[in-house]
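Please open the model in a viewer and keep the selection panel at hand.

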Amino acid sequence: MAKRETPLLDQLESGPWPSFVTDIKRQAETKPECWDILGILELSYKDRITHWKHGGIVGVFGYGGGIVGRYADVPEQFPGVEHFHTVRVAQPASKYYSTENLRGLMNLWEKYGSGMTNFHGSTGDIILLGTRTENLEPFFWDLTHDMGQDLGGSGSNLRTPANCIGMSRCEWSCYDTEEACHSLTLKYQDEIHRPAFPYKFKFKFSGCPNDCVASIARSDISVIGTWRDAIRIDQAAVKEYIAGNYPANGGAHSGRDWGKFDITKEVIELCPTNCMWMEGSELKIDAAECTRCMHCINAMPRALRPGLDKGASICVGAKAPILDGAQFSTLIVPFIKMSPDNEFEELVEFIEKVWDWWMEVGKNRERVGETMQRVGLPTFLSVMGIDPLPQHVKEPRSNPYVFWKEEEVEGGFERDIDEFRAAHKA
Amino acid sequence: MPTIEHNGKSFEVDEDGFLLKGDDFNQEWVDYVKGVEGISEMTDEHVKVIDALQEYYKKNGIAPMVRILSKTTGFPLKRIYELFPSGPGKGACKMAGLPKPTGCV
């Protein structure tokens with residue numbers, strides 16, 4: 001394949017940020033079909049419209065997803081990207097790699113694909129960008145047989161779960177997010193590979209409310225670590241912060257002079273529930289009023305730590321705007337224990353209850369968050385067998401359109417108009 | 001768009017091998033798809049799935065959700081994959097002559 005003229009794209013080679021154009025050109029030295037990636041993109045820049053055809057259904061035998069089919073709408077002009085399918089490969093929890101593994105993967109992809117990748121897709125998968133239909137099965141064979149790796153999810157199924165780095169390199173993680181993500185991914189392989197749901201479904205696992213994997217916004221079931229006893233305070237370290245010997249927020253704001261650390265201004269007065277105060281030189285926290293927002297811990301990581309009675313909150317229903325508006329996940333279970341020793345039993349039981357219900361009542365292409373909106377939170381809680389709690393709402397309803405069940409109303413709903421008329425003349 | 005010749009019949013298909021015109025569906029089509037979708041032998045169970053898809057499509061104008069297909073045929077999803085290795089979308093819908101599944105796949 002010939003080199004392409006790309007005057008518009010060439011402008012994106014200047015500036016300090018790593019240039020994807022330069023990278024693709026470098027790949028094109030050994031894989032000339034990459035010139036057609038640049039060529040078709042240049043054409044799109046010029047025409048201001050995509051040059052990929054609608055949809056594409058390709059895959060490997062045994063699976064209903066994992067590969068996103070794509071065809072150029074100008075194949076004669078750019079034969080190198082006539083087929084340009086994307087392969088989703090399951091990533092390791094937290095995306096830790098050995099160079100040996102990455103070299104193996106790249107050797108495979110140079111052999112069967114374009115050599116271009118996306119590290120990683122938003123859901124977490126390793127994305128291998130661009131190959132032909134006839135390469136899919138041989139690639140899949142080598143991936144599974146030589147690398148011991150599998151495809152990720154696509155379609156109306158459980159998508160590839162993802163997690164924050166958790167206990168591997170963070171002192172705030174309240175449960176083992178990597179183990180949870182890994183073991184649930186293995187447990188639900190069938191649900192990942194063979195679409196059986198009304199629509200897509202995602203898990204994400206965050207170790208604390210900082211939510212570094214954005215589970216509350218980007219997963220149907222968001223598992224967010226927390227604790228239910230008191231924040232652990234090292235008073236000696238608090239003094240070091242006040243004295244200016246430890247940088248606030250781990251030095252995150254050192255790029256600008258914000259003045260000397262002021263614990264009152266930067267921590268105590270910013271606490272959303274006002275549950276902190278100084279008693280002489282001692283920092284005090286009223287644990288019963290703390291909502292575990294992480295701010296004080298984030299500001300003074302060497303002095304404050306999450307409590308010891310750790311677990312997670314489960315929130316449900318986040319989704320992007322289509323169809324009826326964007327949603328964050330809403331709190332359903334304030335606290336569960338998260339233990340690898342019982343294979344995350346409580347969480348597994350919760351997930352399967354959601355699926356049993358949603359697979360039955362969910363409409364075609366309706367995210368679980370929309371199903372919840374349609375039936376209402378009280379109905380969802382009752383099918384889940386969860387007692388309503390004040391923590392389930394930010395505020396009580398302001399309209400009076402309250403439904404009652406017949407058995408909750410004395411005398412029921414069967415009434416006789418003549419009986420009413422006997423006491424109240426028309 | 002490519003044209004496929006099989007047993008003297010010709011079919012207009014898209015890149016993914018789905019029939020462009022559902023009316024072209026016939027036994028030769030079934031026989032052709034059988035070859036490309038990893039199906040060694042057609043059984044009554046295959047026919048039952050194909051019939052269920054076509055009937056639902058004729059009535060509703062869309063392909064049924066997976067669990068409706070399972071309910072009407074009585075086959076769990078696992079069995080459907082045993083019958084159609086590419087699954088109900090790429091395998092069975094293609095063979096039944098239904099339009100290509102769309103959306104965020």
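**Helix packing in chain B**

Begin by selecting helix 1 (residues 27–36) of chain B together with helix 5 (residues 87–96) of chain B, which pack at an angle of about 160 degrees with their axes 9 Å apart. Helix 1 of chain B is therefore roughly antiparallel to helix 5 of chain B. The model is a predicted one, in which local features need pLDDT of at least 70 and side-chain atom pairs count only at pLDDT 80 or more, whereas totals for chains, interfaces and linings use all residues. Residues are numbered from 1 along each chain as its sequence is written, chains are lettered from A and ligands numbered from 1 in the order in which they are written, and side-chain values use heavy atoms, with hydrogens and water left out.

Helices (H or I, at least four residues) and strands (E, at least two) are DSSP runs, numbered from the N terminus. Axes are lines fitted to C-alpha atoms, for helices over the stretch in contact, and angles run from 0 to 180 degrees between N-to-C directions. Angles under 35 degrees count as roughly parallel, over 145 as roughly antiparallel, 65 to 115 as roughly perpendicular and the rest as oblique.

Next, select helix 2 (residues 44–60) of chain B and helix 3 (residues 66–73) of chain B, whose axes are 10 Å apart at an angle of about 120 degrees. This angle makes helix 2 of chain B oblique to helix 3 of chain B. On the side of helix 2 of chain B, the contact involves Lys48(B), Val49(B), Ala52(B), Leu53(B) and Tyr56(B); helix 3 of chain B contributes Ile68(B), Leu69(B), Thr72(B) and Thr73(B). By class, this contact of helix 2 with helix 3 of chain B has six nonpolar, two polar and one charged residues.

**The interface between the chains**

Now display both chains: 23 residues of chain B are in contact with 29 residues of chain A. Together the chains bury about 2,100 Å², 55% of it on carbon and sulfur atoms (the accessible area, with a 1.4 Å probe, that two parts lose on being put together, summed over both). Two salt bridges are counted between chain B and chain A (a side-chain nitrogen of Lys or Arg within 4 Å of a carboxyl oxygen of Asp or Glu). Select Glu360(A) and Lys71(B), which form a salt bridge with the closest N and O atoms 3.0 Å apart.

**Stops within chain A**

Select helix 12 (residues 345–361) and helix 13 (residues 368–375) of chain A, which pack at about 75 degrees with their axes 11 Å apart. Helix 12 of chain A is thus roughly perpendicular to helix 13 of chain A.

Move on to Arg132(A) and Glu82(A), a salt bridge whose closest N and O atoms are 3.3 Å apart. The pair ties together parts that are 50 residues apart in sequence, because Arg132(A) lies in the loop between strand 4 (126–131) and helix 5 (133–145) of chain A and Glu82(A) in the loop between strand 1 (67–68) and strand 2 (86–89) of chain A.

Finally, inspect the backbone. A cis peptide bond, with omega about 0 degrees, joins Phe119(A) and His120(A). Another cis peptide bond joins Ile322(A) and Leu323(A), again with omega about 0 degrees.

How values were computed:
Contact means heavy atoms within 4.5 Å. Ala, Val, Leu, Ile, Met, Phe, Trp, Tyr, Cys and Pro count as nonpolar, Asp, Glu, Lys and Arg as charged, and the others, Gly among them, as polar.
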